[in-house]
Amino acid sequence: MKSTESAPLANRLDDARRAVYREHILSVAEDEFGRVGFAAAKVGDIAAGAGVSLSTVYKSFGSKDDLWDALNAERMKEFTQVVHAGTRLIDSPFERLLVGARLELEFFAERDSFLRLHLNDGLSWGTASVIPGAGRGAQRDAWKVGMELTAASAQAAADAGEIRPLRPSVVAALVISALQVWLTDWVAHDRDRPISVVADEVVDHLRSCLAAT
């Protein structure tokens, strides 16, 4: 019989163990989704790749859709934290917009499987969030949040007179589309350049086409 003192410790150890399993399974699921796409991915293959039983996967995630949603929600949370940390001390709204674009490009480049699963969808990042039925589950939510954050930065830059007076949603779509174009080209050419060089090109392009004249 467990003592009242050992029971909470055992519970914490169980929670920690479940959290480790959960993150490991998500990582393997990310690789599998990136490799074969959502439709072709099988939960059994994810379990085998993670070295756990199918029942262990289903203890943490009720379905393949739950895995997909958890992965997209987790990555979106990471992304917003990265952008906030990287832009919070920048006074210029336009510079915050440009630095945010650079950070997003680097974020995807550092997560190869996550990048591939989005590129392989074949959807336009710049318009997917407003097309009914585009994307899946939490992926749609992530796109919507990303576009709203970018549009808010665009509105602030326009209010400050730093960019051309375009509709914020159009500016956001231009920014996100540019990231997709450059990343797609980078992957198609076997990542033949440092991502910092690619990021410089994207930022220079956005600066030249959006800056107020």
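Buried means under 20% relative accessible area. The model used in these exercises is predicted.

**Exercise 1.** Decide whether R75 is buried or exposed, and list what R75 touches.

*Solution.* 
Step 1. Locate the residue: R75 is found in helix α4.
Step 2. Take its relative accessibility, which is 11%.
Step 3. Compare with the cut-off of 20%. R75 is at 11%, so R75 counts as buried.
Step 4. Look for its partners, leaving out residues up to four places away in sequence. R75 then touches E30, F107, R111 and F114.

**Exercise 2.** Describe the overall make-up of the protein.

*Solution.* 
Step 1. Count the elements: 9 helices and 0 strands.
Step 2. Read them along the sequence. The pattern is α-α-α-α-α-α-α-α-α.
Step 3. Take the extent. The C-alpha trace spans about 75 × 40 × 35 Å along its principal axes.
Step 4. Turn to burial. The protein has 213 residues, and 38% of them count as buried.
Step 5. Residues 24 or more positions apart account for 65% of them.

**Exercise 3.** Classify the ring pair F38 and W68, and say where each residue sits.

*Solution.* 
Step 1. Begin with the search of the whole structure, which finds 7 aromatic pairs.
Step 2. Check the distance for F38 and W68. The ring centres are 5.2 Å apart, and pairing requires centres within 6.5 Å.
Step 3. Check the angle. The planes stand at 70°, so the pair is edge-to-face. The cut-off for that class is over 60 degrees.
Step 4. Place the residues. F38 is in the loop between α1 (6–36) and α2 (43–50), while W68 is in helix α4 (residues 64–87). They are 30 residues apart, and the pair links distant parts of the chain.
Step 5. Check burial: both F38 and W68 are buried.

**Exercise 4.** Find which residues form the aromatic cluster, and which arginines lie over ring faces.

*Solution.* 
Step 1. Name the cluster: F79, F107, F108, F114 and W125.
Step 2. Take F107 from that cluster. R111 lies over the face of F107, at 3.7 Å from the ring centre.
Step 3. Go back to R75. Both F107 and R111 are among the residues R75 touches.
Step 4. Move to W186. R191 lies over its face, at 5.5 Å from the ring centre.

**Exercise 5.** State how far apart the mean positions of the positive and negative charges are.

*Solution.* 
Step 1. Count the charges: 24 positive and 30 negative.
Step 2. Compare the mean positions of the two sets. They are 5 Å apart.

How values were computed
Residues are numbered from 1 along each chain as its sequence is written. This is a predicted model: local features need pLDDT of at least 70, side-chain atom pairs count only at pLDDT 80 or more; totals for chains, interfaces and linings use all residues. Side-chain values use heavy atoms; hydrogens and water are left out. Helices (H or I, at least four residues) and strands (E, at least two) are DSSP runs, numbered from the N terminus. Buried means under 20% relative accessible area, exposed over 50%, partly exposed in between (1.4 Å probe, protein chains only). Contact means heavy atoms within 4.5 Å. Lys and Arg count as positive and Asp and Glu as negative; His and the chain ends are not counted. The place of a charge is taken as NZ of Lys, CZ of Arg, CG of Asp or CD of Glu. Rings of Phe, Tyr and Trp (its six-membered ring) pair if their centres lie within 6.5 Å; planes under 30 degrees apart count as stacked, over 60 as edge-to-face and the rest as tilted. A charge sits over a ring if NZ of Lys or CZ of Arg is within 6 Å of the ring centre and within 35 degrees of the ring normal.
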